[in-house]
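Here are some notes from a colleague to go with the model.

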Amino acid sequence: MLRRVFLAIGLAVAALGAAPVSASGAGVADLARALELPRLFRVLQAEGLDYGAELEAELFPGRGGDRWQGIVAAIHDPARMEAIATERLQAELSGAPELVARMVAFFEADPGKRIVALELAAREGYLDDAVKDAAEAAHADMVARDDPRLALLDRLVVANDLIEQNVAGALNGNLAFYKGMVEGGAVDATLPDAEMMADLWSQEPQIREETVGWLMPYLALAYRPLSDADLETYVAFSETPEGQLLNRALFAGFDAVFDTVSRDLGLAAAQFLQGQDI
């Protein structure tokens, strides 16, 4: 199963280069800079390399080696992912320059600027299993104590529809991976669509459980330094028209990126399974 848990807002999509600037003076390129997007894509590449190692261990243990890791790295090349996401994000936001300007204003000042930094630092920290384990233990303690901060985190999750969006994205990613395997000849192309979809949907409960299990400790870790007032401000922003539009645009961008990445991983894995040269 392809792991993908992505936050909207601070964990956004692509470094957009010279994207057009709106009439109001702030455009998508300004938003990209405010959200520190190149740094995010470097983290996503590192996560992709870890996932590639898991795929090798599961599908063709000991047969991938440096060649497989090189292919996985190329598939997750930050510039490549940025290019895919840029087109979609620009399309989603190009018709609302005033709202984009409000997004930029929020993330160029505190607490928005600090929130971006905290989200990215936590995401980088999660590359270390010890950090992840500690975050999960800390969150479990919060649950046991019925920490009031949990209610604020739940409000942020609801405002940005983080659980449902990530579950849907994971299912779509798994479908794209499956299609890559079919294209690569590792899966029977005559398998009925109904059987294929039934298999994919059978994964939904596990995906949902893993999404919640990853997301909630991560949020607790990322926002631990924030005051309740600052977190309230973030929730309030997420509920505004600009916050909702940004959330939709970011998930659309991530979907475009990871559907492509998943399909390419499936195709590459199929060729390794069959001992073909790539």
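1. A buried histidine. His76 sits in the loop between helix 3 (65-75) and helix 4 (78-93); helices (H or I, at least four residues) and strands (E, at least two) are DSSP runs, numbered from the N terminus. With a relative accessible area of 3%, His76 is buried, where buried means under 20% relative accessible area, exposed over 50% and partly exposed in between (1.4 Å probe, protein chains only). Leaving aside residues up to four places away in sequence, His76 touches Leu44, Gln45, Gly48, Met81, Val261 and Leu265; a contact means heavy atoms within 4.5 Å.

2. How to read the values. This is a predicted model, in which local features need pLDDT of at least 70 and side-chain atom pairs count only at pLDDT 80 or more, while totals for chains, interfaces and linings use all residues. Residues are numbered from 1 along each chain as its sequence is written, and side-chain values use heavy atoms, with hydrogens and water left out.

3. The overall picture. The protein has 13 helices and zero strands. Of its 278 residues, 51% count as buried. Among contacts between residues at least 6 apart in sequence, 84% join residues at least 24 apart. The protein exposes about 12,100 Å², and carbon and sulfur atoms supply 54% of that area; accessible areas come from the Shrake-Rupley method with a 1.4 Å probe, and for residues only the protein chains shown count as cover.

4. One pair across the sequence. Ala170 belongs to helix 9 (residues 162-183) and is buried, at a relative accessible area of 2%.

5. Helix 6 and its cover. The 14 residues of helix 6 should span 20 Å at 1.5 Å a residue, and this agrees with the 20 Å between its end C-alpha atoms; the expected span is 1.5 Å times one less than the number of residues. Which residues of helix 6 are buried? They are Gly112, Ile115, Val116, Leu118, Glu119, Leu120, Ala122, Arg123 and Gly125. The cover over them includes helix 1, helix 2, helix 5, helix 7, helix 11 (204-223) and helix 12 (228-238).

6. Helix 5 against helix 6. These two helices pack at an angle of about 75°, with their axes 5 Å apart; axes are lines fitted to C-alpha atoms, for helices over the stretch in contact, and angles run from 0 to 180 degrees between N-to-C directions. Helix 5 is therefore roughly perpendicular to helix 6, a label for angles of 65 to 115 degrees. In the contact, Phe106, Phe107 and Glu108 of helix 5 meet Gly112, Lys113 and Val116 of helix 6. These residues divide into three nonpolar, one polar and two charged.

7. Backbone points to look at. Most residues other than glycine have a negative phi, and most peptide bonds are trans. A cis peptide bond, with omega about 10°, joins Asp110 and Pro111, and Pro111 lies in the loop between helix 5 (97-108) and helix 6 (112-125). Glu36 has a positive phi, near 55°, in the loop between helix 1 (28-34) and helix 2 (37-59). Asp146 also has a positive phi, near 55°, in the loop between helix 7 (129-145) and helix 8 (149-160). Glu36 is partly exposed, with a relative accessible area of 28%, whereas Asp146 counts as exposed at 61%.

How values were computed. Angles under 35 degrees count as roughly parallel, over 145 as roughly antiparallel, 65 to 115 as roughly perpendicular and the rest as oblique. Ala, Val, Leu, Ile, Met, Phe, Trp, Tyr, Cys and Pro count as nonpolar, Asp, Glu, Lys and Arg as charged, and the others, Gly among them, as polar.
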